[in-house]
Amino acid sequence: MSVHLLLSVGRGPQECAWALARLLRRLEVDATRQNLETHRAETVPGDLPDTYRSVLIQISGAGAEAFAASWTGTLCWQAPSPYRAGAGRKNWYVIARPCQVDVPRTTFSEADVDIVACRTGGPGGQHRNKASTAVRATHRPSGIVVVVDTERQFSLNRRIAMRLLRQRIEHGDEVAGRAVTTARRRIHDELVRGDPTRIERPETPKQDLAGPDPRSRIGGH
């Protein structure tokens, strides 16, 4: 079992990118404790060191789906800002959603196509009705059906039908791929600040608070 989980800060401030890096490490430690493997499939770094705007993490092993569900939703890292001293805000939010990454490509094989000779009308239809030169081709795995009667020879119509089926299947795969990409992009805009499904904090007063080099503080101080 393998699940992909996308973590994103959306349009959040630098502190959220800092929080995502800490939440990611907490998630990875939690996964290891449950005998799960994790792999950072894609990362988009933040503007400052040791921060991320988004991370796509793959979780593998028995129970991966349930584990991902426990980390799904609005995640909150609760700690003071490492960049702005004295800032009152301590809650930094990250969105986490399972997402589909790869769309299986349909392998086209003529063995998966049922060919039936049929009769159609139209110009030259009288000849076609007698000879049944039209072709009805059905691709069983996808259910796509095409009917071709443009030629007077059955073999030519069959060849055209196969080409049309292949084109429609390839187009369907392309559409499905674009839909997956669009769905992943939408996750970045789903972040709702407040009402988190999970709250994480540093384990000790100093852990995860020092953050990056002080010279990288926002505003240069």
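Which residues of α4 are buried? Hold on to that one; I will come back to it. First, the overall layout.

What you see here is a predicted model. The protein chain has four helices and nine strands. Starting at the N terminus, the elements go β-α-β-β-α-β-β-β-α-β-β-α-β. The chain has 221 residues, and 38% of them count as buried. Its accessible surface is about 12,300 Å². Carbon and sulfur atoms account for 49% of that surface. Now take contacts between residues at least 6 apart in sequence: 66% of these join residues at least 24 apart.

Strand β1 covers residues 2-8, and strand β3 covers residues 52-60. These two pair antiparallel, over seven bridges. Look at Ser2: across from it in β3 stands Ser60. β3 is also joined to strand β2, residues 37-45. That pairing is antiparallel too, with eight bridges. Here Pro45 has Tyr52 of β3 as its bridge partner. β2 and β3 make a hairpin, with six residues between the strands. In that hairpin, Asp50 takes a positive phi near 60 degrees.

Next, helix α1. This helix runs over residues 14-33, which makes 20 residues. From first C-alpha to last, α1 reaches 29 Å. α1 is mostly covered, with 16 of its 20 residues buried. Gln14 lies in this helix. Is Gln14 buried or exposed? Gln14 is buried: its relative accessible area is 16%, and the cut-off is under 20%. The side chain of Gln14 also makes a polar contact of 2.9 Å with the side chain of Asp47. Just after α1 comes Asn35, with a positive phi of about 60 degrees.

Now to another sheet. It is open, with three strands in the order β6-β7-β8, paired antiparallel. β6 is residues 113-118 and β8 is residues 144-148; both stand at the edges. Each has a single partner strand, so one side of each has no neighbour in the sheet. From one strand to the next, the twist averages 15 degrees. β6 pairs with β7, residues 134-139, over six bridges. One example is Asp114, whose bridge partner in β7 is Thr138.

What packs on this sheet? Helix α4, residues 154-187, which touches β6, β7 and β8. The direction of α4 makes about 145 degrees with that of β8. At 1.5 Å a residue, the 34 residues of α4 should span 50 Å. The end C-alpha atoms are 50 Å apart, so that agrees.

Back to the opening question. The buried residues of α4 are Asn157, Ile160, Ala161, Met162, Leu165, Ile169, Asp173, Val180, Arg184 and Ile187.

Ile144 is partly exposed, at 22% relative accessible area. Leaving out residues up to four places away in sequence, Ile144 touches Ala137, Thr138, His139, Leu165, Arg168 and Ile169. Two of those names, Leu165 and Ile169, are also on the buried list for α4. And Thr138 is the bridge partner of Asp114. Finally, Ile144 and Arg166 are 22 residues apart in sequence, and their C-alpha atoms are 10.0 Å apart in space.

Key: Residues are numbered from 1 along each chain as its sequence is written. This is a predicted model: local features need pLDDT of at least 70, side-chain atom pairs count only at pLDDT 80 or more; totals for chains, interfaces and linings use all residues. Side-chain values use heavy atoms; hydrogens and water are left out. Two strands pair if DSSP finds at least two bridges between them. Axes are lines fitted to C-alpha atoms, for helices over the stretch in contact, and angles run from 0 to 180 degrees between N-to-C directions. Contact means heavy atoms within 4.5 Å. Buried means under 20% relative accessible area, exposed over 50%, partly exposed in between (1.4 Å probe, protein chains only). The expected span of a helix is 1.5 Å times one less than its number of residues. A polar contact is a pair of N or O atoms within 3.5 Å; within protein, one must be able to donate a hydrogen and the other to accept it, and residues adjacent in sequence count only if both atoms are side-chain atoms. Accessible areas come from the Shrake-Rupley method with a 1.4 Å probe; for residues, only the protein chains shown count as cover.
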